[in-house]
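This report describes selected elements of one structure in running text. The reader is asked to keep the sequence and the model in view.

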Amino acid sequence: MTSRRVVITGLGVVSSIGLGKEAFWSALLEGKSGIRRIQGFDASSYSCQFAGEISDFRPEDYIPPADVPKLSRNSQFAVAAAKMAIDDAHLDFSKENRCRVGVAIGIGLGGWDIYEAQLRRLFETNNPRRVHPWSVPLIMSNAAAAEIAISFGLKGPNMTVSTACSSGSHAIGYGCDLIRMGKADSVVAGGTEACILPGVFAAFCSLRALSTRNEAPDRASRPFDKRRDGFVMGEGAGIIVLETLESAKERGVIPYAEVVGYGATSEATHIVHPEGTGSEAAHVMDLALQDAGVSPAEVDYINTHGTSTVLNDLVETRAIKRIFGEYAYRISLDSTKSMIGHTIGASGAIEGIVCALTLQRGVIHPTINYEESDPECDLDYTPYQARQRDVKVALSNSFGFGGNNSCLVMKAFS
Amino acid sequence: MVSAAMVEERIIIGLAKALNKQPSQIQKESRLIEDLMLDSLDTLDLIFKLEEEFNIEMPESELHFVTVQDVISYVQEKAKAE
């Protein structure tokens with residue numbers, strides 16, 4: 001394996017609390033919630049009636065208007081966030097070898113906005129000819145990665161990672177591996193999701209995975225709080241530009257952070273339940289730290305998976321204690337999902353962006369709605385208020401349905 | 001009853017929208033592929049919308065359009081027959 005160093009030089013975010021990295025970051029530090037009653041469909045008969053929906057996204061701000069109907073909502077988010085990240089990195093692909101630029105995108109579902117709408121047409125008309133001919137290219141889960149490549153002419157490896165809630169994190173890890181292995185020189189990597197839809201929501205409600213705090217949506221996502229009662233669905237995209245340290249230097253761009261380690265494991269036990277003692281979640285953190293050559297005592301900050309489900313937050317806390325022992329109490333933790341909910345395939349990528357900004361700016365965003373401490377979740381989750389802290393090493397955890405676990409290790413760039 | 005003028009208007013407006021152009025930029029003698037650069041997905045979308053709007057079926061074997069006028073004539077005939 002070559003030892004090419006991989007850095008992050010561009011960030012793009014589409015979220016329910018802000019479009020673009022600066023709006024997103026300011027909202028995070030203010031502790032703003034993006035969770036509201038669902039506007040996209042009538043959810044009054046659902047056990048969960050709220051989500052982190054994005055209300056101010058205008059696709060035509062990023063995509064030629066005639067092309068907008070040719071992209072599902074998740075692909076629109078992805079192309080918009082990719083444009084932001086590429087602009088932020090000051091990358092001019094006309095000066096790059098496009099065959100050496102890859103794309104790696106995580107997504108949990110795919111273009112289910114189109115899928116649900118077309119199924120409805122089929123069942124309402126009972127006529128298969130009424131299903132729109134664009135359905136396949138809009139629904140397929142690799143559409144977002146393909147649309148990014150088409151939009152920017154990127155001809156390197158183009159991969160879609162679908163590992164539920166860890167998809168975005170795995171996509172970043174995979175993008176780093178492509179660069180480390182010499183298969184690409186830069187990669188546009190991240191995740192996207194847009195599945196606040198009646199069918200998807202019904203399925204998650206039936207699984208009893210979502211919070212039912214309908215009387216107070218903005219207080220429903222409360223990771224690590226004793227009264228947490230399930231996760232809150234969100235939507236959005238997070239895309240970054242990864243490149244070699246050498247190319248960033250040549251271009252005169254100062255990286256946000258360096259990605260130094262990536263761990264990927266399967267729990268291989270249960271399709272949705274995490275292993276209870278935290279040994280499996282600990283395993284992926286351990287692998288990532290080994291890959292990074294970083295000792296546990298060097299870690300200052302962990303952006304947790306922190307979903308606000310009873311079991312996830314407990315198991316993650318146990319796993320962190322297994323790896324870090326007493327030192328776990330000195331690490332700053334937070335949960336981005338407390339504000340934007342769980343953006344499924346985008347979450348690991350958006351949280352990777354949070355790590356990069358935290359390393360660059362030395363501020364830990366708060367975990368909002370943390371009001372009553374849980375005796376079993378007793379670490380420092382940065383409740384209420386953002387906090388200044390010089391962060392040298394950060395971890396980002398993502399644990400997906402299917403037992404697909406991912407952990408990224410990043411270092412401050414100096 | 002669908003009038004011939006209505007068919008013409010709907011087709012020109014539909015093409016203009018799909019191609020991000022003004023209706024005045026779509027000439028009846030324009031060739032769909034060579035002049036208007038309609039791709040296969042655009043063509044399928046056009047057929048899909050015409051079938052729905054005029055309640056007609058446009059089987060693959062009958063689709064031999066070169067110009068905008070060919071589409072207009074075909075749909076006018078079909079709509080009349082239906």
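In which sense do β7(A) and strand β8 (residues 236-244) of chain A pair, and over how many bridges? They pair in the antiparallel sense over eight bridges. Two strands are said to pair if DSSP finds at least two bridges between them. Helices (H or I, at least four residues) and strands (E, at least two) are DSSP runs, numbered from the N terminus.

**Basis of the model**

This is a predicted model, in which local features need pLDDT of at least 70, side-chain atom pairs count only at pLDDT 80 or more, and totals for chains, interfaces and linings use all residues. Residues are numbered from 1 along each chain as its sequence is written, while chains are lettered from A and ligands numbered from 1 in the order in which they are written. The model scores ipTM 0.86 and pTM 0.96. For chain B the mean pLDDT (the predictor's confidence in each residue, from 0 to 100) is 91, and 98% of the residues of chain B reach 70 or more.

A residue is buried if 20 or more other C-beta atoms lie within 10 Å of its own, exposed if 12 or fewer, and partly exposed in between; C-beta atoms are placed from the backbone. Strand β7 (residues 186-193) of chain A is largely enclosed by the rest of the structure, because eight of its eight residues are buried. Ser186(A), Val188(A), Gly190(A) and Thr192(A) point one way from β7(A), whereas Val187(A), Ala189(A), Gly191(A) and Glu193(A) point the other way. In a regular strand the side chains alternate between the two faces of the sheet.

Strand β14 (residues 393-400) of chain A is also mostly covered, with eight of its eight residues buried. Val393(A), Leu395(A), Asn397(A) and Phe399(A) lie on one side, and Ala394(A), Ser396(A), Ser398(A) and Gly400(A) on the other.

| Strands | Sense | Bridges | One facing pair |
|---|---|---|---|
| β10(A) (residues 301-303) and β14(A) | parallel | three bridges | Asn303(A) and Ser396(A) |
| β14(A) and β15(A) (residues 404-412) | antiparallel | eight bridges | Val393(A) and Lys411(A) |

The hairpin of β14(A) and β15(A) has three residues between the strands, and Gly402(A) takes a positive phi near 95 degrees there.

**Two helices of chain A**

Helix α5 (residues 143-152) of chain A is largely enclosed by the rest of the structure, because seven of its 10 residues are buried. Among them are Ala143(A), Glu147(A) and Ile148(A). The elements that cover the buried residues of α5(A) include α2 (73-88), β5, α4 (135-139), β6 (158-161) and β7 of chain A. Gly153(A), which follows α5(A), has a positive phi near 65 degrees.

Arg121(A) belongs to helix α3 (residues 112-125) of chain A. Arg121(A) counts as partly exposed because it has 17 C-beta neighbours inside 10 Å. Not counting residues up to four places away in sequence, Arg121(A) touches Arg130(A) and Val131(A); contact requires that the C-beta atoms, placed from the backbone, lie within 7 Å. The C-alpha atoms of Arg121(A) and Val131(A) are separated by 6.6 Å, although these residues are 10 residues apart along the chain.

**Where the chains meet**

The contact takes nine residues from chain B and eight residues from chain A. Helix α2 (residues 40-54) of chain B gives the most to the side of chain B that touches chain A, with six residues.

Terms used. Contact = placed C-beta atoms within 7 Å.
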